[in-house]
Amino acid sequence: MSDSSNRQIVIFDTTLRDGEQSPGASMNLAEKMEVAQTLVELGVDVIEAGFPIASPGDFEAVTEIAKNIRGSVICGLSRCRNADIDRAWEAVQHAQQPRIHVFLATSAIHREHKLNMGKDEIIARAVEGVSRAASYCPNVEFSPEDAARTEHDFLCRVVEATIDAGATTVNIPDTVGYATPSEMHKVISLLRNRVPNIDKTVLSVHCHNDLGMAVANSLAAVEAGAGQVECTINGIGERAGNCSLEEVVMALRTRNDFFKADTRIATQRLVLASRLVSAVTGIQVQRNKAIVGQNAFAHEAGIHQDGMLKERTTYEIMRPEDVGCAKTDLVLGKHSGRAALADRAKDLGYDLSGEQLVTVFEQFKVLADKKKDIYDGDITSLIEQEILAVNELWSFSSYRVDTGTDRTPHVTLAIGRGQEQFSTEMACGDGPIDAIFLAIEKLTAVPMVCKDFQVHSVTVGNDAQGEVLVEVEHNDRIYRGRGVSTDSVEASAKAFLSAVNRIAAVTNGSATNNTADRQ
Ligand SMILES: [Zn+2]
């Protein structure tokens, strides 16, 4: 599909930094490690692991990823200040290939209102910051924040000066999602034509999706010569999010004839990565989302189906299996053995350790007693629960609710914290789920306001597992939780507990809490 004349575009993933800034998307350390490993297996070139100075949790996450994740460049974000740059280096220094990413706003509106600095001061500060980063590590990225709204002459001066100071990548962010594709094309062309030392750096883009143009803007930049695209899995990020990795990658792959550019991404792992990030952040992908949405490859209309049956290329520009969404009819059940489960897990893209397989198989047996057919969706959710349930503070044990139309629910709930068990019995709530919610609040002593509650089925059939997604507010912050079970009340209890676990992680400083940056 790709030939040697193709330019290789560097894929810089910022799911763990910019993506984590989506409200309620904070991830704990175990989740971040899992996402980072998935990104490596996906073939991402650069992983922006976090913003080390933002919080102790962020620092720890970047450090652990730098120490343990091999196969991609590990990058830490930093404002253009000595303490920030030093802290970023402290975290990424353990990586095989570390990168420091320094940013400083350059647009008039930021210079006047945020920084209160003149043009020459901005250039001096940028050069100082890049030089400091370059004194630590040879791989330095510089971003003139709000570049898309920066005067062209000034932008050229900043870029030239920072390349001279050692920026091996210069990233042009559209911080507020305001640019159009032709403007993005123009600014990249301008830099390539006017900055004399531009060949000494890789030009990059970082586009936000406020007007729905992040992917189009990134592609226009590639067409104009940009060599790196910054993006996130499922396009998550602040406000309307970032350029979506799966869309930009599949556009380059599918329209290779047009872009003459490709990436290192193992596209058949895209759906897996998308599912993992959804599960970890609790942010679901809309059904009609390009590439990874549930309907992306569904041909319902009769006229299309007829065309598909005769010749699939009539309506299909990509094959589902190219992005890892191959449908199988293989169903497991009560009598399936561990080897069959291991095989299925492998086909779904999971590489389970022996210990993980034992636990997942136990859970599989429990589930197979409750429902006849076990589908891929069931297996995926079992595995995700196993992989992601590491070091959770609270865990669900059992519940009982007696309720009816004309009576207050009577709930008995038991939950565990480590080896300890806690239980309560109370009459409360508007229904069984409300009663469970109140009992969890009482046992964990974490006050919450439930903001959103959704139930989906994981697979098909009356005995399908229910997936419950909740959004709760605690101390003015939003936290998400997710629970899966064949019983929707139990799934709700698990979802609320997973939200409590996130709150606990943030409160005790082990999770990240980065809200300072808007790059
Ligand atoms: Zn951003």
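**Salt bridges and strand pairing in the predicted model**

D18 is buried, and so is R17, where buried denotes a relative accessible area under 20%, exposed one over 50%, and partly exposed the range in between, computed with a 1.4 Å probe on protein chains only. The structure is a predicted model, in which local features need pLDDT of at least 70 and side-chain atom pairs count only at pLDDT 80 or more, whereas totals for chains, interfaces and linings use all residues. Residues are numbered from 1 along each chain as its sequence is written, and side-chain values use heavy atoms, with hydrogens and water left out.

The side chains of R17 and D18 meet in a salt bridge, with an N to O distance of 3.6 Å; a salt bridge is defined as a side-chain nitrogen of Lys or Arg within 4 Å of a carboxyl oxygen of Asp or Glu. Across the whole structure, 34 salt bridges are found. In another of these, the closest N and O atoms of D45 and R264 are 2.8 Å apart. D45 lies in the loop between helix 1 (29-42) and strand 3 (46-50), while R264 lies in the loop between strand 10 (261-262) and helix 11 (270-281), so this pair ties together parts that are 219 residues apart in sequence. Helices (H or I, at least four residues) and strands (E, at least two) are taken here as DSSP runs and are numbered from the N terminus. D45 is buried, at a relative accessible area of 17%, whereas R264, at 45%, is partly exposed.

A further salt bridge joins the side chains of E321 and R319 at 3.9 Å, N to O. E321 counts as partly exposed, with 34% relative accessibility, and R319 is likewise partly exposed, with a relative accessible area of 42%. Salt bridges that share partners also join R17, D18 and E48 into one network.

Turning to the strands, strand 9 (residues 228-231) directs Q228 and E230 one way and V229 and C231 the other way, and all of them are buried. In a regular strand, side chains alternate between the two faces of the sheet. Strand 2 (residues 10-13) runs parallel to strand 9 and is joined to strand 9 by 4 bridges, two strands being counted as paired if DSSP finds at least two bridges between them. In this pairing, V10 stands opposite Q228. Strand 8 (residues 202-207) also pairs with strand 9 in the parallel sense, over 3 bridges, and here V205 stands opposite V229.

An open sheet of 3 strands, with the order 11-12-13, shows antiparallel pairing. Strand 11 (394-404) and strand 13 (420-427) stand at the edges of this sheet, each with a single partner strand, so one side of each is left without a neighbour in the sheet. The twist averages 10 degrees from one strand to the next, with axes fitted as lines to C-alpha atoms, for helices over the stretch in contact, and angles running from 0 to 180 degrees between N-to-C directions. Strand 12 (residues 407-417) pairs with strand 13 in the antiparallel sense over 8 bridges, and A427 in strand 13 is the bridge partner of H410.

Two helices lie across strands of this sheet, contact being defined as heavy atoms within 4.5 Å. Helix 16 (residues 432-444) lies across strand 11, strand 12 and strand 13 and runs at about 45 degrees to strand 12. Helix 17 (residues 488-507) lies across strand 11 and strand 12, running at about 135 degrees to strand 11.
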